[in-house]
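Here is a short report for someone meeting this structure for the first time. Keep the sequence and the 3D view at hand while reading.

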Amino acid sequence: MSLTVDRLTRTFNGMTAIKDIDLKVQNGEFVCLLGKGGCGKSTLLRTLSGLDLDYEGTVSYNATPLTGVREEIGIIFQESRLLPWLTVLENIRFGLKDHEQETLNRVNRFIEYVGLTGKEKLYPKALSGGMSQRAAIARSLVCDPEVLLLDEPFSALDHFTKLELQDLLLKIQAKYNTTMVMVTHDIDEALYLADRIVVLSSQPGMIKDIIDINSPRQRTRTSQDLQQVKKEILTILHV
Amino acid sequence: MAKEVNQSIYPTIQLNKIGVTPLIKRLMISSVFPVIIILIWEVLSQIGVFESYQLPAPSAVLFKGIALYQSGELLPHIVATFTRVTIGFVFGTGAAVILSVLVGFWPLLEKFIDPTIQALRQIPSLAWVPLFILWMGIGETSKVTMIAVGVFFPVYLNLLAGIVTVDRKWLEVGKVFGLSKRSQITKIILPAVLPSFFTGIRTGLGLGFMFVVAAELMGASEGLGYLLVLGQNTLQPDTILVSIILFAIIGKVTDGGLKLVEQRLLHWQDTEIRGRSK
Ligand SMILES: Nc1ncnc2c1ncn2[C@@H]1O[C@H](COP(=O)(O)OP(=O)(O)O)[C@@H](O)[C@H]1O
Ligand SMILES: [Mg+2]
């Protein structure tokens, strides 16, 4: 798997949202896109997903230009976007074409994996924000994506739920070697999860710096090294 | 994980303790006001504040209704009106569904047809009456057509609005999971549009009853609207009131039926108000 962005520029009615983005995401890597609100993070992620094709430059998946959404690329939004008229179970198997026993077993395995056992028959209105996002993650995972794009998936959740779900992502990555590209405006989140942090500037969104985090997995959120990097990033962002 | 508790913003009256179901409880609460009004009306009629040839007492209206029922006159009137509304409703809704789907899914048709429909909508539908009678006579066809026209507009407008405003968020979910155009329609647009459809048909049914009255006032030999004319011509306000009350009851019951189906199909909606007495 490789995801390559080359001189990507996206303009909305004459306003340049992101400009000249060059980025190569490696297989199994966890990349965080970090920047202030409105700097073009979602715009960049949507072009990577194939949902938005009106850009200049190229986005290639395995060296072929992206022409639309593909099943190898999953996307998770800030709101879970569970379909309100389907139960948790129906939502999670939404992307699957067949309903063979084997598929159903797979769906059930993922329900258990994300911790939603017993909630299968509930409708989204009965779920908390955290449970909804777990269901959204399961819905993507059952389709066996190679890349998971995440657009501020936990920013609407309370702090503790957020920490739990961050660990869930790491667990998924360790098990399935899923490549992750995650948009966030939370520096601590990026420091805890990322192999690489791409810092974006605002208006237009351009890559300001790319920081490799060489610290091994199983990070301690409060470690001195990470705090040092945090200072560095804050300086880059001028705050 | 934080658990969300849906707490009602409405105060609940503690009738559960005496063991009544929520439905009966709701009926009881909602009938307090009309019962008081009727009692006051009855008393005022009995002591002669209202003249009986203008406003008969509730008891007199009730006896009139029973008499009409026992003579076998009442049921055919009810059946006639109900049948007209049902047929008109089915045709009006059918036409509205077909047209709004065509217009909603083919932008070219929208440009082509929708402006005309929007213009026709501006005509108060009752203005069609003379033309329909001229074309189709005073028979059933013109009546049913009028009712269908009345039902058509709210269904068309609501459904079309629902179709063209389906949230891009849901459409994107369909896209992300590689749905075909057809699955996109059946799995996303259809369920997303269902709430607007129900708003449309419930409004449409209400208008259907309005139009059946208009049609029957215009000329009919049976129907509850005919009973209104009869009461007027024979100076019998009790007959008029029987008809009015039956309209209220039938309207309420049919709307209640639709509401029940709506609740069954839309139970997934996250709205606090729905399901409460309305
Ligand atoms: N569909 C759109 N139409 C017009 N402008 C848009 C659209 N989407 C995003 N923008 C603009 O592009 C800029 C970047 O938006 P976005 O990518 O959503 O920022 P972020 O996700 O970093 O908060 C903003 O100024 C926003 O107003
Ligand atoms: Mg955003």
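## The largest cavity

The largest cavity holds about 60 Å³ of space. The model is predicted, and the cavity count comes to three of 30 Å³ or more. Rolling a probe the size of a water molecule over the atoms shows where empty space is left.

Which residues line the largest cavity? From chain A come A:Ile75, A:Ile76, A:Phe77, A:Ser80, A:Ala136, A:Arg139 and A:Ser140. By class, the lining has seven nonpolar, two polar and two charged residues.

## Around ligand 1

Ligand 1 has a shell of chain A residues. Among them are A:Phe12, A:Met15 and A:Ala17. The run from A:Lys36 through A:Gly37, A:Gly38, A:Cys39, A:Gly40, A:Lys41 and A:Ser42 to A:Thr43 is also part of the shell. Sorted by class, the shell has four nonpolar, five polar and two charged residues.

Which elements of chain A each supply at least two residues of the shell? They are strand S2 (15-25) and helix H1 (41-49). H1(A) gives the most, with three residues.

## Contacts of ligand 1

An oxygen atom of ligand 1 lies 2.6 Å from a polar backbone atom of A:Gly38. For a polar backbone atom of A:Lys41, the distance to an oxygen atom of ligand 1 is 2.9 Å. A:Thr43 takes part through its side chain: an N or O atom there is 2.5 Å from an oxygen atom of ligand 1. On its own, ligand 1 has 560 Å² of accessible area, and the protein covers 61% of this.

## Chain A: the annotated domain

UniProt lists "domain: ABC transporter" for residues 3-227 of chain A, in an unreviewed entry. That span is 31% helix and 27% strand. Its end C-alpha atoms lie 30 Å apart.

Where in chain A is A:Arg7? A:Arg7 lies in strand S1, residues 3-12. A:Arg7 is not a glycine, yet it has a positive phi of about 45 degrees.

The other detail is a peptide bond. A:Gln203 and A:Pro204 are joined by a cis peptide bond, with omega about -5 degrees. A:Pro204 sits in the loop between strand S9 (196-200) and strand S10 (207-212) of chain A.

## Chain B: the overall picture

How many helices and strands does chain B have? The secondary structure comes to 10 helices and zero strands. Read from the N terminus, the elements run α-α-α-α-α-α-α-α-α-α. Along its principal axes, the C-alpha trace of chain B spans about 75 × 60 × 30 Å.

UniProt also places "domain: ABC transmembrane type-1" at residues 74-258 of chain B, again from an unreviewed entry. This span is 86% helix and 0% strand. The end C-alpha atoms of residues 74-258 lie 25 Å apart.

## Chain B: the transmembrane annotations

The UniProt record (unreviewed entry) places the feature "transmembrane region" at residues 27-49, 85-108, 120-138, 144-167 and 235-254 of chain B. Two of these spans can be described further.

Residues 85-108 of chain B are 96% helix and 0% strand. The end C-alpha atoms of that span are 33 Å apart. Residues 120-138 of chain B are 53% helix and 0% strand. Here the end C-alpha atoms lie 23 Å apart.

Note on methods: Residues numbered from 1 in each chain as written. Chains lettered and ligands numbered in written order. Predicted model: local features only at pLDDT ≥ 70, side-chain atom pairs only at ≥ 80, totals over all residues. Heavy atoms only, no water. UniProt positions renumbered as here; feature names shortened; annotations may be inferred. Helix = DSSP H or I, 4+ residues; strand = E, 2+ residues; numbered from the N terminus. 1 Å grid on protein atoms, 1.4 Å probe; cavity = no way out; pocket = protein on both sides within 12 Å on 5 of 7 lines; lining within 4 Å. Points joined across faces, edges and corners; volume = space filled by probe spheres on them. Nonpolar A, V, L, I, M, F, W, Y, C, P; charged D, E, K, R; others polar. Near = heavy atom within 4 Å. Polar contact = N/O pair within 3.5 Å; in protein donor to acceptor, adjacent residues only side chain to side chain. Areas by Shrake-Rupley, 256 points an atom, 1.4 Å probe, with all protein chains shown as cover.
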